[in-house]
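This note sets out several points on the packing and charge pairing of the structure shown below. Please read them with the structure at hand.

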Amino acid sequence: MNFLHVDLNSFFAHCAVVTSEGRYTFDTPLIVGGDASKRHGIVLAATYTVKKHGVRAGMPLREALARCPEAILVPAQYHVYSHYSDRFLSIVKRYSPVVSRYGIDEAYIDYRGCERLFGPATEVAHIIRNRVKDELGLTVSVGVGDNPLMAKMGSDYKKPDAVTVVNSQFWRERIWPMEVSNLMYVGRSTADKLNGVGIRTIGQLASASQSMLISIFGTTGKQLWLHANGIDKQLLPTANDEQKSISASCTLPGDIQTESELFSALLRQTDKVAYRLRKSGMRALVVGVSVRYSDLSHRSKQTRLLAPTDVTGELYECARELIRSLYGAKPIRQVGMRVASLISDSEQLSIFQDALHEKRRKLDVAVDALRTRYGGEVISRASTLHANEEPFENFNPFDRNTVKE
């Protein structure tokens, strides 16, 4: 057992509880998000009492309140979340020099070599769980496994306030019968494709033909098969790796009115970020998006890719799925895109490269050459032509304001 994944339970909602001076408990039906007076927007988080009614993050607030009419709406307080997130991370970092922060409410721990200092990983999992509860008043779910994937699936398996140890036997008996959509990195569209070829459980995916999966998903097909079998050889980024990121954002002259306008602005930022990646000789393992609403409130989401990439199309497809859930809560004025956990272009996590990946990358490289020779605006993607923002050529791929090292 070499890795732990620690996940704060219903983080935003539980922060509202611990800062309420006794007005609320974890059993209070709380929903974070939206406008309490107008009852519009989306759910950012909810206590488990509300989740039992089928309410989930990203759900329209009106639907959530129809499912749980007794729910109490509370506003988001991002400064509170940042404060508790930092305190949470300071606890986790006491037990390993290699900790990877993954969003505001979860972290991976590479525990290899730390047993002599703190004891078995399972014991440390309980220690962390109790410390977070005693010092912060919050609860966590901790997964312990032989790799980051097993640890993550363990923390998701039982919530709240639990420790789950995932070994190969647990994987076969408990994970394989689960729906394939529960496997880490399997999104809705991937699950639909798998269901379409008769693969509905993680176990069925594990026993599927690798060649068939590669023919459907390309490089991702191999990774899906490995993950279904509990195989994850990806190492956690070191502290220095985590500090490396490339980002781009734009403030629009007016509020975004349609989803297509949002996607257009996002594609524009992704194009810039991918260009900088290729110029820097790097590929990204983490993709994140952010929006700033017209009332200046801010939200962000990120996820980890199956394999590192610098291909604009692949980065955009991931970013677009992330940003969907941020649309509709309030009018959006600013859109941002970010990649992190960068690795050298020469490093590879997989030897499998599908034809579409190679075709896309060759096109990107050709576009880069044109922009380098004739200027950043010599060629643009058709869906971004109406975007009213700063010229592409004003962005230096080595600008230290956007490339953090």
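1. A nonpolar core, as the term is used here, is a set of buried Ala, Val, Leu, Ile, Met, Phe, Trp, Tyr and Cys residues joined through side-chain atoms within 4.5 Å. Buried means under 20% relative accessible area. The model under discussion is predicted.

2. The largest nonpolar core holds 73 residues, of which Phe88, Val132, Val287, Ile323, Val335 and Val339 touch the most other members. Helix H14, spanning residues 259-280, gives the most to this core, with eight residues. A second, separate core has 30 residues, including Val180, Ala206, Leu226 and Leu306. As general background, nonpolar side chains in soluble globular proteins tend to be buried together.

3. Apart from neighbours within four places in sequence, valine 335 is in contact with several residues, among them Ala248, Cys250, Leu252, Ile256, Leu262, Ala265 and Leu266. Its contacts also include Ser249, Gln269, Ser290 and Ile323.

4. The remaining points concern charged side chains. Side chains of opposite charge can pair when their charged atoms come close. The count of salt bridges in this model comes to 14.

5. One of these salt bridges joins the side chains of arginine 101 and aspartate 86, at 3.0 Å from N to O. Arginine 101 belongs to strand S5 (residues 99-101) and aspartate 86 to helix H4 (residues 78-92), so the pair ties together parts that are 15 residues apart in sequence. Arginine 101 counts as partly exposed because its relative accessibility is 30%. Aspartate 86 likewise counts as partly exposed, at 45% relative accessibility.

6. Arginine 129 and aspartate 161 form a further salt bridge, with their closest N and O atoms 3.0 Å apart. Arginine 129 lies in helix H6 (residues 121-136), and aspartate 161 lies in the loop between helix H7 (148-157) and strand S8 (162-166); the pair therefore ties together parts that are 32 residues apart in sequence.

7. Aspartate 156 counts as partly exposed at 36% relative accessibility, and lysine 159 counts as partly exposed at 36%. Both residues belong to a network of salt bridges that links Asp7, Glu106, Lys152, Asp156 and Lys159.

Key. Residues numbered from 1 in each chain as written. Predicted model: local features only at pLDDT ≥ 70, side-chain atom pairs only at ≥ 80, totals over all residues. Heavy atoms only, no water. Buried < 20%, exposed > 50% of the residue type's maximum accessible area, 1.4 Å probe, protein only. Helix = DSSP H or I, 4+ residues; strand = E, 2+ residues; numbered from the N terminus. Contact = heavy atoms within 4.5 Å. Salt bridge = Lys/Arg side-chain N within 4 Å of Asp/Glu carboxyl O.
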